[in-house]
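Subject: Structure handover

Hello,

Here is the structure to take over from me. My notes on what was found in it follow below.

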Amino acid sequence: MQRIGVFVCWCGSNIAGTVDVAKVAEALKSEPGVVLSTNYQYMCSQAGQEMIKEAVKEHKLTGLVICSCSPRMHEATFRKTAAAAGINPYMVEIANIREQCSWIHKDMEEGTEKAIVLGRTAIAKVNLNAPLTPGESPVTKRALVIGGGIAGIQTALDIADAGFYVDIVEKKPTIGGKMAQLDKTFPTLDCAACILTPKMVDVAQHERIRIFSYSEVESVKGFVGNFDVTIRKKARYVKEDVCTGCGLCTEKCPQKKVPNEFNLGMDNRRAIYIPFAQAVPKVATIDADYCTMLKTGKCGVCSKVCTAKAIDYTQKDEFIEEKYGAIVAATGFNPISMDKFDEFAYSQSKDVITSLEFERLMNAAGPTAGKLLRPSDGVHPHKIVFVQCVGSRCASCAEKGKEYCSKICCMYTAKHAMLTRDKYPDTDVTVFYIDVRTPGKQFDEFYRRAVEEYGVHYIKGMVGKVSPEGNKLIVQGSDLIANKQLKIEADLVVLAAAIEPDKSARPLATMLTASMDTNDFFTEAHPKLRPVESPTAGIFLSGACQGPKDIPETVSQAGAAAAKVIGLLAKDKLTGNPCVAHSDEMMCNGCSSCEKVCPYGAITYSDKEFRGPNRTTLIRRVASVNEAICQGCGCCTVACPSGAMDLKGFASKQIMAEVDAICK
Amino acid sequence: MQVNEYKPKIVAFCCNWCSYAGADLAGSNRLAYPAEVKVIRVPCSCRVNPMFILRAFQRGADGVIICGCHPGDCHYTSGNYYTRRRMALLFSMLDYLGIEKERTRVEWVSAAEGAKFAATMNDFVQTVTALGENKRLEDLRCKK
């Protein structure tokens, strides 16, 4: 028989506000096995934990029930307390009387009654708990970073600098991500390339970093410390180790009509290309969709001009298998498509562009060599209208846009407006906004400068319609402060499109079994206390894949993710989860049902000797579970027809005891 | 005659990774749902043995709901697919035995869907309340 101590937490007024904690503690006193039931203001505080430890000693407790917040919050805390008090950490059960009781109920009587039932349920379970000892597994001291933008770059550098090996997988031919496409960065206006490209070079030259560019993660298996990852290195038809990046092929290729994605399709590139001058790795890539040689077998110009003999038209996708201890998702973001926002005439006029396109127009390495010219006729625009929140904060139009604030648009629009006025003082700039949000160091000062020093016209109100008229654009909007409708003639309209997670994030999350929110941003293990970890052990989050972020935030988060990875890789062994499946060999009939449903291949069969009747020996085929591989889902326990398979910590008897306690 | 307000007994099995976290989120956001719902945490919805559900009905539960990660998002990659198939079979058998289909339900609730968790529970409790007490499978010997 267990000697159970019940500890009911007030959580200040969080629980005590709607649950009569004293009454709960009193009611639970008479439950089977309970020798002590008490309550305290903050069970998780040091004083609360000391109280538990004292009680264990004084009452010789063998099991603990803590009626408190969610086990997702403090189960680990109280397990540590138990261990410190000298009892097995798995002899602790949590009754969740905060998130699943006090916070959702307003009525004291109702809350108290439910808390008693939840406490009783936890007691019923802990009565059947058994001490568990976790197994140990080794840690592969290598990290995988998925995505080679500024987030991935910073994470990889920080991990590698700490002495661990890192691989970066980037689906594009070069690392650099969105930041490589930017012109200047707010609020300091230093040029993006000047601060990014040295980091890209650092990555390329780092002895502990490998870059798999033009590659994608194909499959992920395993668990924290021991991930088995297959990487697909897509055929680029150029031998990466031979190409010198001289770029001669990219000048001679006769296929000139390929939309240049780096400039967002505003100019063309060749079928063989290097995305931009500072690309890393600086290696050419053949675009198989446009290459005449690959499509028809007739051309071969690039191969002829290549002095290094790097072109290989027969190259195939290559699969690389590698083991990793930790994986960092840094898949970044994209501006949303403007297809559903036709009121802004994006598809009708070339002179309605997105902010990222504007960024390329202003960039010295962009399609216009940094001159601000209208895409339609190459004429300098004298009147520019910026429209903010296109698709952001769109609660009423969720089918078109996003409910959330994209966070970076207010600042980059202020930057664009300021840079335009700085370079072309003859150009009139108007910004339509819902709110200007500038919470960041030097951010509001920056926005004020745009208004006060550079004379940018900020109008509070949304634009309802943009219509092309001749070579002008008529912008119709409202000025909410002056309370009037406006009709402005503009030469160029720039839309601050909302940002969304990259499309590759969703399938990746499935592979990593990492959870996502409804907007396809990765979910953190805890929004405040564990913001760079996924709830799935060994998976970390860096950059805008977790939520909209500017560069300073991304870099700090990337460093934080790296610190967490380093903390993991620095361990030689990880203690596993002891709540794994276990087969009772005496009951197992060797049917293989469990083996078939196990997603990890953790179950094997072997012939074992058993004592038969009349001193004979029987050989029987029985299942056994590899505890290092089993993740404890419990699927096999249901598949087992003989009831031999059970899950430690979530045994059938325990769950049925919980059912009984609830239905009592 | 005074009629006692009928409160059903509802057992909700929630997987640790998605639905239990979704239930927690409903709590954090103070989204109310009836106190009749009591959650049992399981590692994965596929841990729920049909036996547990039969037991619940025997012991007088009026409704049983199982919540797991959305198909394709299972923390253990495929557990919820097993849940879906097993429960489809079990629920049709229970229906045959006289446990109305409305008393049993499988729902996918992600860790981000606190609102969906609360809405689902509100709806389920309403449905079960309308059906009234489960008499069919209740084992009266358990009533002692």
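I start with one glycine. A:G370 touches A:M362, A:N363 and A:A364, leaving aside residues up to four places away in sequence. Please keep in mind that this is a predicted model. A:G370 sits in the loop that runs between α12 (355-362) and β21 (383-390) of chain A. A:C405 lies 35 residues from A:G370 along the chain, and the C-alpha atoms of the two are separated by 29 Å.

Next, the domains. Chain A is divided into domain 1 (4-126), domain 2 (142-233 + 319-332 + 502-573), domain 3 (248-305), domain 4 (334-500) and domain 5 (581-648). For domain 2 and domain 3 of chain A, the centres, taken over C-alpha atoms, are 28 Å apart. Their contact draws 15 residues from domain 2 of chain A and eight residues from domain 3 of chain A. On the domain 2 side, helix α8 (residues 192-205) of chain A supplies the largest share, six residues. That side consists of ten nonpolar and five polar residues, with no charged residues.

Helix α2 (residues 21-28) and helix α6 (residues 108-126), both of chain A, have axes that come within 9 Å and cross at roughly 40°. The pair α2(A) and α6(A) is therefore oblique, and the crossing is right-handed. From α2(A), the residues A:K23, A:V24, A:A27 and A:L28 meet A:T112, A:A115, A:I116, A:G119, A:R120 and A:I123 of α6(A). By class, the residues of this contact are six nonpolar, two polar and two charged.

Last, the contact between the chains. Here 45 residues of chain B are in contact with 42 residues of chain A. On the chain B side, the elements that give two or more residues are α1 (19-28), β2 (37-42), α2 (50-58) and α3 (79-97) of chain B. The largest share of that side, six residues, comes from α1(B). Sorted by class, the chain B side has 24 nonpolar, ten polar and eleven charged residues.

Regards

Technical notes: Residues are numbered from 1 along each chain as its sequence is written. Chains are lettered from A and ligands numbered from 1 in the order in which they are written. This is a predicted model: local features need pLDDT of at least 70, side-chain atom pairs count only at pLDDT 80 or more; totals for chains, interfaces and linings use all residues. Axes are lines fitted to C-alpha atoms, for helices over the stretch in contact, and angles run from 0 to 180 degrees between N-to-C directions. Helices (H or I, at least four residues) and strands (E, at least two) are DSSP runs, numbered from the N terminus. Angles under 35 degrees count as roughly parallel, over 145 as roughly antiparallel, 65 to 115 as roughly perpendicular and the rest as oblique. A crossing is left-handed if the near helix is turned anticlockwise from the far one by less than a right angle, and right-handed if clockwise. Two residues are in contact if their C-beta atoms, placed from the backbone, lie within 7 Å. Ala, Val, Leu, Ile, Met, Phe, Trp, Tyr, Cys and Pro count as nonpolar, Asp, Glu, Lys and Arg as charged, and the others, Gly among them, as polar. Domain bounds come from an automatic or database domain assignment.
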